[in-house]
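Welcome! Please have a look at the sequence and the model below, and then read on.

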Amino acid sequence: MYSWLTVLIVSLVSIIPIQAQADSLASFLPDIAPADLAPDADAFGPIREDVGVAPVLKDGETIAWAFLTSDFVGTTGYSGKPIHVIASIDADAVLTGVKLVKHSEPIVLIGIPNSKMLKLTEGYAGLDLKVEAETGGEGHDLDIISGATVTIMVIDDSIVRAGLKVSRALGLGGLSPITSDGPKREIDMTIDRALDWDTMTGDGSVRRMTLDIGQINKAFEDTGDERAAKRPEAGAVDDTFIDMHIALVSVPSIGRSLLGDAEYENLVAWLEPGEQAILVLGRGAYSFKGSGYVRGGIFDRIQLIQGDNGVRFFDKQQRRLGALATGDSPSFTELDIFKIPADAEFDPTEPFRLQLLVQRAVGAIEKIFLTYDLGYKLPESFLLPVAAPVVVDDATDEAAAKSALWKRIWKDKQVEIAVLGLMLLVLTAVFFFQFQATMNARVFYWFRIGYLSVTLVFLGWYANAQLSVVNLMALAGSLRSGFTWDAFLMDPLVFIQWFAVAAALLFWGRGAYCGWLCPFGALQELTNKLARALKVPQWTLPWGLHERLWPLKYMIFLGLFALSMVSIPLAETYAEIEPFKTAIILKFVRDWPFVVFALLLLLAGLFIERFYCRYLCPLGGALAIPARIRMFDWLRRYKECGSPCQTCANECPVQAIHPTGEINPNECVDCLHCQVLYQSETKCPVVIRQLKRRAKVGSAEIKIPVGQPPKNHPNAKPT
């Protein structure tokens, strides 16, 4: 796929030292002063191999241990990327310092200064994790920044649960690893009998929590916040605020009884090995789902907690259920199945709880929160004792977990993969049969507009499948540190596109991607079409200047690539010259300098079509280098092209045709406009001359067959 780039990388990595680039404790510690994590500390010791912590030293003595939360627990936020926090903990299991070191949260960039996030995170210094261990992580007040609810909850959860894991691993504060009393239990999968609603609610297969409006109003009054007391819930005090039920439906008997045979079989097909699923039912004035997940893809009102572990659910882990299969059950307004991933360290045989977050607005943008727990323990009748666990090699187990993860992601994105596959199939057909596709200029124009619209909306704004030069830099780092497929398989749409690009480079060059599948390229072209419709003047740069601006994108790419040899994070910072993240991934929800930069590029594109693609895009430059090895020349030309005819050269949207008639494959985006002109009876002089010649001999029509064309007019032949 990257044969050309691989050769370049292998040539360079042997002479240029590359530092570890992954986000790790070692990569962040050099930028932190020891005194920021523990008072009077003056140095960090070497990171331990058994537990990923670094001693925090004072005069050579260890006074605390520093750790990265994302090394111990999941810290994924709204952005889909980890939120990295470094914390330090002393021998008494008390946090001595906390620093937010890296995040990619777009919601934090909406009017919320980063300094506020930093201050809130640093406020966790002094938190006693012994208390958190006793209370299940509920021994402290949770401060929420309105507009960043999920982000703060993820930070809070990761600090507490990672701190507990470190404390137990090191034996700090008298805490020790959690061990199960007695033999490890397993679910008896042979029990598959049908149960009714009364039986399941009676034996604990279905657990319930009910809150009325009076209880909620009283609880908010007890917070002492007068603003909350002045905004009571509407309705009578004995009206239902929420009636919530939970059941572990991955247990065969419970699942078949509640879901029915067909839905249960669908559930089994949905779950990968090691995954479990719960059914959450709700009715009343308050929704356990809310609407935040629609915007950010994460359910911010519920969290599953078991021991020191917490699980938050994303929209890809949720399915709606139409109705319960039990005839004697009450009706519910919300019926949702949530998948618990295999890497969540969830044990279905042990007790767990579903925590509900209840919020109340106390101002225009301010809210306060309460939490309620719905406990669950699988009835003993579904369990059986098992033998001692088999010891599995850690490396093998980790590899298997990674493999299961990317396979699960591909399965969850089957619809998106199918749509992308259809797009690639259609585009391939257009390129192979481009002469037939471009016969009708008007039809082809609207086909291209429609295709680019799908590329922008589906591939870009919906699926976030925008390729980037950062992908190539990540490949370079991976080849240097030890290449594995797992990391690249985590995003199926990006992975498939790169393979398609590799194939297209052999056949058509870079234009297959740049001209048709790049969301930002589509955005530029569509906005330019709109500008033309509004009579915005179009500028054509003099050929000499235009030709001398071409090398800029190659220079930018080579500069970024060279920088990635030294530091990938630094190269990623300078890769912001790509406006893809701002305009496509974050949909312009960023700090104003990034938004202004992206808008300026689009503004230039209103006057000079695809301005960014022509002169600045490092990804386009990277793809143009191997495009020179393409094996076929598909675009048809007449001998008159360029001398004397300049029609195609004048109308090429990106000025990729030399005045002498040659098409520069490094700059061509394969829009096929020249192929439309090639057959035009009103613009192409060769076709017009042939029409006149036919008219003189009594044949006013020309039909252009698919077969081998004559020398002078390869496509015109009398019928």
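Let us begin with helix α26 (residues 592–607), whose 16 residues reach 23 Å from the first C-alpha to the last, close to the 22 Å expected at 1.5 Å a residue. The expected span is 1.5 Å times one less than the number of residues in the helix. Helices (H or I, at least four residues) and strands (E, at least two) are DSSP runs, numbered from the N terminus. Please keep in mind that this is a predicted model, where local features need pLDDT of at least 70 and side-chain atom pairs count only at pLDDT 80 or more, while totals for chains, interfaces and linings use all residues. Residues are numbered from 1 along each chain as its sequence is written, and side-chain values use heavy atoms, with hydrogens and water left out.

- Val595, Ala598, Leu601, Leu602 and Gly605 are buried in α26; buried means under 20% relative accessible area, exposed over 50%, and partly exposed in between (1.4 Å probe, protein chains only).
- An α-helix has 3.6 residues a turn, so residues three or four places apart point the same way.
- Trp592 and Leu600 are exposed, on the face of α26 turned away from its buried side.
- The cover over the buried residues of α26 includes α21 (519–533), α25 (580–585) and α27 (611–615).

**Helix α23**

- Helix α23 (residues 551–566) has 16 residues, which should span 22 Å at 1.5 Å a residue; its end C-alpha atoms lie 23 Å apart, which agrees.
- Its buried residues are Lys553, Tyr554, Ile556, Phe557, Leu560, Phe561, Ser564 and Met565.

- Four strands form an open sheet in the order β11-β10-β14-β15, with antiparallel pairing. Two strands pair if DSSP finds at least two bridges between them.
- β11 (309–311) and β15 (367–376) stand at the edges with a single partner strand each, so one side of each has no neighbour in the sheet.
- From one strand to the next, the twist averages 25°.
- Strand β10 (residues 302–306) runs antiparallel to strand β14 (residues 352–361), and four bridges join them. Isoleucine 302 has leucine 356 in β14 as its bridge partner.
- Helix α8 (residues 213–221) lies across β14 and β15, running at about 75° to β14. Axes are lines fitted to C-alpha atoms, for helices over the stretch in contact, and angles run from 0 to 180 degrees between N-to-C directions.
- Asparagine 217 is found in helix α8 and is buried, with a relative accessible area of 10%.
- Not counting residues up to four places away in sequence, asparagine 217 touches Pro232, Glu233 and Arg360; contact means heavy atoms within 4.5 Å.

- Strand β1 (residues 43–44) pairs with β2 in the antiparallel sense over two bridges, and phenylalanine 44 has valine 56 in β2 as its bridge partner.
- β2 also pairs with strand β3 (residues 61–68), in the antiparallel sense over six bridges. Lysine 58 has glutamate 61 in β3 as its bridge partner.
- β2 and β3 form a hairpin with two residues between them, and aspartate 59 in the turn has a positive phi of about 55°.

**A buried glutamine**

- Glutamine 675 is found in helix α30 (residues 673–678) and counts as buried at 2% relative accessibility.
- Leaving aside its neighbours within four places in sequence, glutamine 675 is in contact with Gln434, Thr438, Leu635 and Arg636.

**The whole protein and its confidence**

- The secondary structure comes to 31 helices and 16 strands, and buried residues make up 50% of the 719 residues.
- The average pLDDT is 82, and 83% of the residues score at least 70; pLDDT is the predictor's confidence in each residue, from 0 to 100.
- Among the elements, helix α1 (residues 3–13) has the lowest mean pLDDT (40) and strand β9 (residues 276–283) the highest (95).
- Over residues 392–398, pLDDT stays under 50. Where pLDDT is low, the predicted coordinates should not be read in detail.
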